[in-house]
Amino acid sequence: MFSIVVSCTKDKVQPKEYETENVIIIVMDGPRYSETWGDSSHQFIPRMANDLAPIGCIYTDFYSQGETFTIPGHTAISTGFYQYIDNGGLELPQRPSIFQLWRSRHNAPQDKSWVIASKGKIEVLANCSNLSWKDQFSPMTDCGIESGGAMSGYRHDSITFQNTLDILSTHHPNLAIINFREPDFSGHTCDLEAYQQGIQDVDDYIYQLINYIETDSLYQGKTTVFVTNDHGRHSDGVADGFCSHGDPCDGCKHINLFAFGPDFKKDVILSNERELIDIPATIAELLHFDIPNSNGNVMIELFK
Ligand SMILES: [Zn+2]
Ligand SMILES: [Zn+2]
């Protein structure tokens, strides 16, 4: 009996120490991989290709394995679970979010965690329907028009970009997600040039945000950034191609992931298969909290 007690004590795993103190997730809404890293010319993502890839890791086989719509994709990132959930902002995620779990674990103030989004409906990420967690440890939100909540419509990404800089400099959140509505918004108009321009605009916002993080005294050297997509769009030849999305075709499921941070390797292209729910699993590892029962896996290949 005594030996069992000793053995349990000896085997207790100590949490690893990381340089990371803050994690920022940036979502470029709905580009196809074939117009981001999957296009070898990288013509629509010059910042990602020239300035960001050298300082982080890019995945060539990263997928959404859930429904390929905005709210399901964002919910997978924020909860660690794929869930059939209304895409109009009429339904809360079932499970507590990483924002709630992190705030609860570390007893963190509300303004240290944020959901910032061009699309108002993304505000549903801030809460969940699980009665043990509903209205508990919620993050701050700045979503849609006039912060009017889940049904407040969409705002231009330039507003989201400026609001993000204001929030980062004022509150210095430790954990935040930022959604840019492009290129999804223009993709739905079926205007190819506007869709491609949307990718380039967000590519530049992403670069400027990471540049801010790396020059801010409280963020530099302590901040991990994940840049990904909530879903892709139909492959050419599937339905109306880039104009829409929502089925399990490769164009809808295959997305981009860039990961940057003080604990991660630099200038590495990774070709092992990963998926959206592995992002929250990796964040939970970095920031020392648990996501009970999630099937997401820590992306150990990222770490130095
Ligand atoms: Zn869409
Ligand atoms: Zn599709």
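Strand S1 (residues 22–29) runs parallel to S5, and seven bridges join the two. The model is predicted: local features need pLDDT of at least 70, side-chain atom pairs count only at pLDDT 80 or more, and totals for chains, interfaces and linings use all residues. Residues are numbered from 1 along each chain as its sequence is written, while chains are lettered from A and ligands numbered from 1 in the order in which they are written.

**Strand S5**
- Strands (E, at least two residues) and helices (H or I, at least four) are DSSP runs, numbered from the N terminus.
- Two strands pair if DSSP finds at least two bridges between them.
- Ile-26 has Ile-178 of S5 as its bridge partner.
- Strand S3 (residues 113–117) also pairs with S5, parallel, over five bridges.
- Val-115 stands opposite Ile-177 of S5.
- Nine of the nine residues of S5 (residues 175–183) are buried, so the rest of the structure largely encloses this strand.
- Buried means 20 or more other C-beta atoms within 10 Å of the residue's own; exposed means 12 or fewer; partly exposed lies in between; C-beta atoms are placed from the backbone.

**Helix H5**
- H5 (residues 157–171) has 15 residues.
- Asp-157, Thr-160, Phe-161, Thr-164 and Leu-168 of H5 are buried.
- Seen down the axis of H5, its buried residues fall within an arc of 100 degrees (directions from the helix axis to the C-beta atoms), so they line one face of the helix.
- On the other side of H5, Ser-158, Gln-162, Asp-166, Ser-169 and Thr-170 are exposed.
- His-172 follows H5, with a positive phi near 45 degrees.

Terms used: The expected span of a helix is 1.5 Å times one less than its number of residues.
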